[in-house]
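The following note sets out points for a colleague who is reading the sequence alongside the model. Each point takes up one topic and may be checked against the coordinates.

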Amino acid sequence: MARIQGRTNILFWGRDGLVKHTGGCHCGAVRFEVWSAPDLHVFSCNCSICTKKQNLHFIVPKSQFTLLQGSDNITTYTFNTHMAKHTFCTTCGVQSFYTPRSNPDGFGVTPHCLDPGTVSSVTVEDFCGQNWEESMQKHQTIRSMSKQTTDT
């Protein structure tokens, strides 16, 4: 795993050490907020679509994600099992979040679409999406990342 240190100016601390990150697509039509740790655990997947999109993402429960604007400006692409919902802005084409196959009860958020100032560090873990079923069986924690850990 690679770890990247960043400089932060964290203003929005919440319960359980979570901070409010805000972000969106390139053109600004899609905006969201997400509560997550300031130290992000990001996955780099090598499945067919993640490779083409260079999709790095961290996973949060649905209850920690709020779409602030742009629901009418989002379209969805699915393939294969149709479990993953690859959402992107219809204007600029940027995917700032999606519903991963591994965590249909959560969201995968792309850290490069977050506004500056709330991320302390990023740890990147490779995930072998080319062998998805086998990788999911081996990974001990990925499914739990979209589960609510405490009452919020």
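1. Strand 2, residues 19–24, and strand 3, residues 31–36, run antiparallel and are joined by six bridges. Within this pairing, Thr-22 has Glu-33 of strand 3 as its bridge partner. The two strands form a hairpin with six residues between them, and Gly-28 in the turn has a positive phi of about 90°. The model under review is a predicted one.

2. Strand 3 also pairs with strand 6 (residues 65–69), in the antiparallel sense and over four bridges. Here Arg-31 has Gln-69 in strand 6 as its bridge partner.

3. As to the overall composition, the chain contains two helices and 11 strands. Their order along the sequence is β-β-β-β-α-β-β-β-β-β-β-β-α. Of the 152 residues in the chain, 43% are buried. Among contacts with a separation of 6 or more, 62% are between residues 24 or more positions apart.

4. The largest nonpolar core comprises 17 residues, and Val-34, Phe-58, Phe-65, Val-109 and Leu-114 have the most contacts inside it. Two or more residues are given to this core by each of strand 3, strand 4 (39–45), strand 5 (56–61), strand 10 (106–109) and strand 11 (121–127). Another core, of 10 residues, lies apart from it and includes Cys-45, Cys-47, Trp-132 and Met-136. As background, nonpolar side chains in soluble globular proteins tend to be buried together.

5. With its neighbours within four places in sequence left aside, Val-34 is in contact with Val-19, Lys-20, His-21, Phe-58, Val-60, Gln-64, Phe-65, Val-109 and Leu-114. One of these, Val-19, is found in strand 2 and is buried, at a relative accessible area of 0%. The C-alpha atoms of Val-19 and Thr-118 are separated by 7.1 Å, although the two residues are 99 residues apart along the chain.

6. His-21 belongs to strand 2 and is buried, with a relative accessible area of 0%. Not counting residues up to four places away in sequence, His-21 touches Phe-32, Glu-33, Val-34, Ser-36, Ala-37, Pro-38, Leu-40, Leu-114, Thr-118 and Val-119.

7. Six aromatic pairs are counted. In one of them, the ring centres of Phe-65 and Phe-97 are 4.7 Å apart with their planes at 50°, so the pair is classed as tilted. Because Phe-65 lies in strand 6 and Phe-97 in strand 9 (residues 97–98), this pair ties together parts that are 32 residues apart in sequence. Phe-65 counts as buried at 9% relative accessibility, and Phe-97 is buried as well, with a relative accessible area of 6%. Phe-32, Phe-65, Phe-97 and Phe-107 form one aromatic cluster.

8. A further ring interaction involves a charge: the charged end of Lys-53 sits over the ring of Tyr-98, 5.3 Å from its centre.

9. The structure holds zero disulfides. Cys-47 is buried, with a relative accessible area of 14%, whereas Cys-92 counts as partly exposed at 28% relative accessibility.

10. Two residues call for a check of the backbone. Most residues other than glycine have a negative phi. Gln-54, which is not a glycine, has a positive phi of about 55°; it lies in the loop between helix 1 (48–53) and strand 5 and is exposed, with a relative accessible area of 58%. Asn-80, also not a glycine, has a positive phi of about 50°. Asn-80 is found in the loop between strand 7 (74–77) and strand 8 (86–89), and its relative accessible area of 58% makes it exposed.

Note on methods. Residues are numbered from 1 along each chain as its sequence is written. This is a predicted model: local features need pLDDT of at least 70, side-chain atom pairs count only at pLDDT 80 or more; totals for chains, interfaces and linings use all residues. Side-chain values use heavy atoms; hydrogens and water are left out. Two strands pair if DSSP finds at least two bridges between them. A nonpolar core is a set of buried Ala, Val, Leu, Ile, Met, Phe, Trp, Tyr and Cys residues joined through side-chain atoms within 4.5 Å. Buried means under 20% relative accessible area, exposed over 50%, partly exposed in between (1.4 Å probe, protein chains only). Contact means heavy atoms within 4.5 Å. A disulfide is a pair of cysteine sulfur atoms within 2.5 Å. Rings of Phe, Tyr and Trp (its six-membered ring) pair if their centres lie within 6.5 Å; planes under 30 degrees apart count as stacked, over 60 as edge-to-face and the rest as tilted. A charge sits over a ring if NZ of Lys or CZ of Arg is within 6 Å of the ring centre and within 35 degrees of the ring normal.
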